Structures are given as structure tokens and as C-alpha cells.
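Subject: Structure handover

Hello,

Here is the structure I said I would pass on. My notes on it follow below.

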Amino acid sequence: MPNRKKEVKKVTTHVLQEMKERGEKIAMLTGYDFSLARILDHAGIDVILVGDSASNVMSGHETTLPITLDQMVYHASSVVRAVERALVVVDLPFGTYQGNSKLALNSSIRIMKESGAHSVKLEGGKEVEKSVRRIISAGIPVMGHLGLTPQSIYKFGTYVVRAKEKAEAEKLLQDALILQDAGCFAVVLEKIPAVLAAEVTAKLTIPTIGIGAGSKVDGQVLVLHDMLGITNEFSPRFLRRYMNLYDEMKGAVSRYISDVKNRDFPGDKEQY
Ligand code: KIV
């Protein structure tokens with residue numbers, strides 16, 4: 001009998017929609033490289049976001065603004081090579097889609113063609129509607145992102161909770177409806193009041209994915225390096241740390257250093 005590869009039911013945008021409809025929560029994490037993306041996929045994560053937070057956690061920049069399209073393609077293709085089941089969403093980096101829908105389409109096509117990813121994400125509401133419509137018209141699924149939008153950090157000046165005031169909350173709801181109407185398959189809601197996130201989630205038919213947006217959204221996302229405790233200087237209220245890898249890895253490296261210095265490594269059985 002021919003050797004048949006194990007069938008894996010892939011997560012698609014349609015699967016996410018079905019999950020919302022039956023009330024099943026969506027689990028999303030960021031991923032930027034092959035080895036960690038493989039662990040996320042084997043663990044059963046639904047969505048891997050190749051976030052432009054790579055600019056912070058992989059490259060040490062203070063903001064997400066410096067990361068380039070080439071760098072996003074590099075991270076995305078490493079993740080795609082690792083994944084069998086999860087949906088891979090890739091952030092369009094700053095300066096590759098704002099204010100120019102043709103540029104937005106070309107940037108998205110590059111990501112899809114060169115990395116093999118399944119969809120793109122961009123930040124903003126009404127102001128990016130034309131870009132969203134144009135990307136989707138080429139058959140590329142788009143995830144929106146509202147609330148705290150880190151690419152606009154210099155406009156807002158701080159990373160505090162967004163949309164606490166009525167006018168901003170109303171604009172956010174309108175933007176979410178615009179993104180849904182334009183054809184987005186899901187929307188990330190970052191750092192907004194839980195009550196507002198619940199209202200947006202109830203009004204939208206597409207899934208909402210929250211980060212610092214409470215529990216009444218359709219799914220959750222965290223930055224992988226934060227939830228694993230690889231980063232240790234960033235502790236917002238919404239973050240749950242599942243490990244403290246900073247200390248564990250530092251301890252392991254320290255032990256290795258002393259084993260080398262003390263001539264304990266390699267031992268007799270660790271050589272040829
Ligand atoms: O880039 C990123 O990691 C993100 C998440 C915070 C949603 O956009």
C-alpha cells in the first residue's frame with residue numbers, strides 16, 4: 001500500500017468563521033522563525049501571526065516602524081516552512097500600504113508569493129479601507145487591527161489603553177464595521193476597554209481577536225516572547241506569562257560557561 005502522508009485539517013479563514021459561529025475560541029500567537037513556529041503548530045495553535053513586533057523582539061528596535069518588507073518576507077517564509085496546520089497571517093510593515101492602495105496590493109502580493117503565507121494584516125480603519133478592498137479584490141485575505149495600533153505610536157505618543165472616550169469608542173466601532181464590510185476575515189482589537197471589545201464582537205459577524213481587550217472576544221493573541229517570558233522588561237496588565245524563559249535560559253548558559261571553564265564539558269562520553 002502506498003505510504004500516505006497523515007491528513008492534517010488546515011485552519012483557513014472559513015474555519016475561523018465557523019469557530020466564531022459555534023462559539024469556539026480562537027488561539028493565536030506571534031511567531032517569527034522556523035523552530036518556534038514548529039512548536040506552536042505541533043501544539044495546535046490556530047493562527048500564527050508573523051507580527052511586525054519582530055522589529056522589537058527579534059531585532060531590538062524600540063518601535064515596529066523600522067522593519068522592512070524584505071525582513072517580513074524572511075520571517076514569514078521561515079514560519080511557513082514550519083507549519084502544517086495553522087493559518088499564517090503576516091503584518092504589512094509600516095510604509096508599505098498606507099495612503100496608496102496600489103502599493104498595498106503590491107506589498108501583499110510580494111508577501112503571498114515570496115513567503116507562501118495565507119493572509120496579511122494591516123492597521124487602521126476608514127483610512128485604509130481602499131487598500132483593504134484592493135488587496136481582497138486580488139484574492140488575498142486581510143485581517144484588520146484597531147485600538148492600539150503600534151505603527152501610529154508617534155501620532156498617539158503613548159501605549160496607554162485606547163478608545164476610553166465615547167467619540168473614540170464610536171469611531172472604533174464604525175471602523176470595525178467598515179473593515180467587515182470591506183471583506184476582512186477578522187479584526188484584532190488591541191488594548192481597549194473590555195466592554196467596548198464585547199460590544200464590537202457582538203455587532204460583527206466576523207471574528208475578533210483580542211490582546212488586552214478582555215474575555216468577550218472571539219479569540220486571543222499574545223506576543224510569543226512575552227508569554228514565554230523571554231522578554232522580562234514588559235509587563236502590561238493583560239499579559240499572562242506561562243514561563244520564565246529569560247531566567248531559565250540565562251541559567252542554562254551560565255552553567256554551560258562554567259562547565260567549559262572548569263573543563264567539565266565535554267566529558268568522556270561526549271567525544272569521539
Ligand atoms: O505585531 C504584533 O505582534 C501584533 C500583535 C500585538 C497583535 O500586531
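Helix 8 passes helix 9 (residues 194-203) in a right-handed crossing; a crossing is right-handed if the near helix is turned clockwise from the far one by less than a right angle, and left-handed if anticlockwise. The model is a predicted one, in which local features need pLDDT of at least 70, side-chain atom pairs count only at pLDDT 80 or more, and totals for chains, interfaces and linings use all residues. Residues are numbered from 1 along each chain as its sequence is written, and side-chain values use heavy atoms, with hydrogens and water left out.

The axes of helix 8 and helix 9 are 10 Å apart, and the packing angle is about 30°. The class covers angles under 35 degrees, with over 145 counted as roughly antiparallel, 65 to 115 as roughly perpendicular and the rest as oblique. Axes here are lines fitted to C-alpha atoms, for helices over the stretch in contact, and angles run from 0 to 180 degrees between N-to-C directions. Helices are DSSP runs of H or I with at least four residues, strands are runs of E with at least two, and both are numbered from the N terminus.

On the helix 8 side the contact (heavy atoms within 4.5 Å) uses A169, L172, L173, A176 and L177, and on the helix 9 side L196, E199, V200 and K203. By class, the contact of helix 8 with helix 9 has seven nonpolar, no polar and two charged residues. Nonpolar covers Ala, Val, Leu, Ile, Met, Phe, Trp, Tyr, Cys and Pro; charged covers Asp, Glu, Lys and Arg; the others, Gly among them, are polar.

Helix 8 (residues 166-182) also packs with helix 6 (residues 129-137), their axes coming within 9 Å and crossing at roughly 25°. Helix 6 is therefore roughly parallel to helix 8. The crossing of helix 6 and helix 8 is right-handed. Here E129, V132, R133 and I136 of helix 6 meet I178, L179, D181 and A182 of helix 8. This contact of helix 6 with helix 8 divides into five nonpolar, no polar and three charged residues.

Next is the pair of helix 2 (residues 34-43) and helix 4 (residues 69-82), with axes 8 Å apart and an angle of about 40°. Helix 2 and helix 4 are therefore oblique to each other, and their crossing is right-handed. F34, A37, R38 and D41 from helix 2 make the contact with S78, V79, R81 and A82 from helix 4. The residues in the contact of helix 2 with helix 4 are four nonpolar, one polar and three charged.

S78, in helix 4, has a relative accessibility of 8% and so counts as buried; buried means under 20% relative accessible area, exposed over 50% and partly exposed in between, with a 1.4 Å probe and protein chains only. The S78 side chain reaches the backbone oxygen of Y74 at 2.9 Å. Apart from neighbours within four places in sequence, S78 contacts Y32, D33 and F34.

H225 belongs to helix 10 (residues 224-227). At 8% relative accessibility, H225 is buried. With neighbours within four places in sequence again set aside, H225 is in contact with Y32, L36, V57, M58, I230 and T231.

Finally, some backbone points. K191, in the loop between strand 6 (186-190) and helix 9, is not a glycine but has a positive phi of about 50°. R263 also has a positive phi, near 65°, and is a residue other than glycine. R263 sits in the segment after helix 11 (245-261) and is exposed, with a relative accessible area of 74%. The C-alpha atoms of R263 and R81 are separated by 39 Å, the two residues being 182 apart along the chain. P266 is found in the segment after helix 11, and a cis peptide bond with omega of about -5° joins F265 and P266.

Regards

Terms used. Polar contact = N/O pair within 3.5 Å; in protein donor to acceptor, adjacent residues only side chain to side chain.
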